[in-house]
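Dear colleague,

My findings follow directly after it.

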Amino acid sequence: MILVDTSVFVAWMDPSHPNHAPCTRALRVWAGRDQLGVSSVTYAELAAGARSQEGVDEDLKLFERIELSFEAAWRVGQRFRQYRPGKHDAPVLPDFFIRAQAAVLAIQHLTNDRRRTAVWPELDFVFPERT
C-alpha cells in the first residue's frame, strides 16, 4: 500500500496545475506496483477545496480509503509539538496527520511536499519524477 498525499491528488485533478503531468505519471507508475490509498484527512482537505462530494468520490473510487486511527492521531500531536519551524515555514497540521497514518501503517508515502521529511525518519517517501 502507498498512501497518496493531498498535494499529489490536487495536481492530478487539475490539468492546469504545474505538477499535473509528473503526478499523473507517478500515480500510473505506483498503481502498477502496489495498491494506492487515500487518507480520510485528504478527503477533508479536498472537501475544503470547494469540490463536490460526488466529484471527489468519483475521482477517488479506485483508491483504498484509510481512516485515521487513534494511534496515528497521537503520533501527530507528538511530532507536531516537537517540530520547531523556521520563521518562514509554518507547519500544516493535515500534513502531519497523513504522514502519521503512513508511519503507523508502515507504508510508503507519495507526496510532492519535500518539506519536513526529516521529522519522519521512519517513513519511506516517494516523489513524482519531474522531467
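Phe-97, setting aside its neighbours within four places in sequence, is in contact with Val-41, Leu-68, Ala-73 and Val-76. Please note that these contacts come from a predicted model. Phe-97 belongs to helix H6, and its C-alpha atom is separated by 9.4 Å from that of Phe-80, 17 residues apart along the chain.

Leu-93 is also placed in helix H6. With neighbours within four places in sequence left aside, Leu-93 is in contact with Val-76 and Phe-80. Its C-alpha atom and that of Gly-77, 16 residues apart along the chain, are separated by 9.0 Å. Leu-93 has a relative accessibility of 34%, and it therefore counts as partly exposed, since that class lies between the buried limit of under 20% and the exposed limit of over 50%.

Helix H5 comprises residues 70-82. At 1.5 Å a residue, its 13 residues should span 18 Å, and the end C-alpha atoms are 19 Å apart, which agrees.

Which residues of H5 are buried? They are Ala-72, Val-76 and Arg-79. These residues lie on the same side of H5, because they cover an arc of only 80 degrees around the axis. In general, an α-helix has 3.6 residues a turn, so residues three or four places apart point the same way. Helix H6, residues 93-105, is included in what covers the buried residues of H5. On the face of H5 turned away from the buried side are the exposed residues Phe-70, Glu-71 and Trp-74.

Two backbone angles may also be of interest to you. Ala-106, in the loop between H6 and strand E4 (108-110), has a phi near 55 degrees, a positive value in a residue other than glycine. Its relative accessible area is 69%, so Ala-106 is exposed.

Arg-116 has a phi near 60 degrees, likewise a positive value in a residue other than glycine. Arg-116 is located in the loop between E4 and strand E5 (125-126). Is Arg-116 buried or exposed? At 8% relative accessibility, Arg-116 counts as buried, because the limit for that class is under 20%.

Yours sincerely

Terms used. Residues numbered from 1 in each chain as written. Predicted model: local features only at pLDDT ≥ 70, side-chain atom pairs only at ≥ 80, totals over all residues. Heavy atoms only, no water. Helix = DSSP H or I, 4+ residues; strand = E, 2+ residues; numbered from the N terminus. Expected span 1.5 Å × (residues − 1). Buried < 20%, exposed > 50% of the residue type's maximum accessible area, 1.4 Å probe, protein only. Arc of directions from axis to C-beta. Contact = heavy atoms within 4.5 Å.
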